[in-house]
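Let's go through this one together, feature by feature.

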Amino acid sequence: MRSDFAFLTKSGFLGARPRVGYYFTGKKIYSHIVEAIRKLKVKDWQAVPVVVGEEATVYDAIVNLFLNDVGTLYIVSEGGILEGVVSRKDLLKIVLGQADIQKIPINIIMTRMPNIVTISPEESLWSAAKKLVEHEVDSLPVVKPVFHKGREGLEVIGRVTKTTITSAFVHVGQNKYEQEEKE
Ligand code: ADP
């Protein structure tokens, strides 16, 4: 094995057969980038979710948004079960209406289950990015199915946002994957 060809054979660009020698596999350079992207898993990139209880008011939700420096909040019932999602613009809209935000419960304005687009930790970050684009949302709750008090639900265990995808994009662009694989 020629050591100067090691990278090319390991990446699948060159094949090596006894008596045949080295041959070009036809694999495009571009597919190497695709592979690096598809390898990224949600569970390795997800951020901590910011959740509020169903009893929270719109005012509580806005305070939480600022304190945790996020754009989307997840509304959960007992056991951390996903019930709703509230975005910045959902909150702006209700505030513009000059409602008494200290009295209005968050579950009046939230987008509720089953209309929430979610992702599981085992899925690829690429699938998450695709969902963000297709559904035109900024954030996806990372969930796992649970059975809580006699009913099936989705427990919120993380979040994937456009920021998560941007970080991963920078990571792949820095070619860190190859370095990590070599170490
Ligand atoms: P913004 O409203 O601040 O632009 P989004 O684009 O994320 O933020 O949200 C658009 C609408 O979609 C909002 O009404 C919000 O409640 C809802 N939403 C946000 N995230 C999700 C999601 N993962 N699944 C379903 N609906 C969502």
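Q: Is Ala36 buried or exposed?

A: Before the answer, a word on what we are looking at: this is a predicted model, where local features need pLDDT of at least 70, side-chain atom pairs count only at pLDDT 80 or more, and totals for chains, interfaces and linings use all residues. Residues are numbered from 1 along each chain as its sequence is written, and side-chain values use heavy atoms, with hydrogens and water left out. Now the scale: buried means under 20% relative accessible area, exposed over 50%, and partly exposed in between, using a 1.4 Å probe and protein chains only. Ala36 has a relative accessible area of 15%, so Ala36 is buried.

Q: Where does Ala36 sit, and what is 10.0 Å from it in space?

A: Helices are DSSP runs of H or I with at least four residues, strands are runs of E with at least two, and both are numbered from the N terminus. Ala36 belongs to helix H2, residues 29-38. Leu65 is buried at a relative accessible area of 11%, and its C-alpha lies 8.2 Å from that of Arg88, 23 residues away in sequence.

Q: How is the protein chain divided into domains?

A: Domain bounds come from an automatic or database domain assignment. In this chain, domain 1 covers 1-39 and domain 2 covers 42-165. Their C-alpha centres lie 43 Å apart.

Q: How many residues surround the ligand, and which are the closest?

A: A residue is near a molecule if one of its heavy atoms lies within 4 Å of it. Here 15 residues surround the ligand, with Ser87, Asp90, Thr111, Val117 and Asp138 the closest. To sort them by class, Ala, Val, Leu, Ile, Met, Phe, Trp, Tyr, Cys and Pro count as nonpolar, Asp, Glu, Lys and Arg as charged, and the others, Gly among them, as polar. On that basis the shell has six nonpolar, four polar and five charged residues. Strand E5 (81-87), helix H5 (88-96) and strand E7 (139-148) each supply at least two residues of that shell.

Q: How many salt bridges does a search of the whole structure find?

A: A salt bridge is a side-chain nitrogen of Lys or Arg within 4 Å of a carboxyl oxygen of Asp or Glu. The search finds eight. One of them joins Lys149 and Glu78, with the closest N and O atoms 2.8 Å apart. Lys149 is in the loop between E7 and strand E8 (151-161) and Glu78 in the loop between strand E4 (72-77) and E5, so this pair ties together parts 71 residues apart in sequence. Both residues are exposed.

Q: What separates the closest N and O atoms of Glu155 and Lys144?

A: In that salt bridge they are 3.9 Å apart. The pair links distant parts of the chain, Glu155 in strand E8 and Lys144 in strand E7, eleven residues apart.

Q: Which peptide bond is cis, and which residues have a positive phi without being glycine?

A: Most residues other than glycine have a negative phi, and most peptide bonds are trans. Here the bond from Met113 to Pro114 is cis, with omega near 5°. Asp69 has a positive phi of about 50°, and Glu136 has one of about 55°. Asp69 is exposed at 70% relative accessibility, and Glu136 is exposed at 71%.
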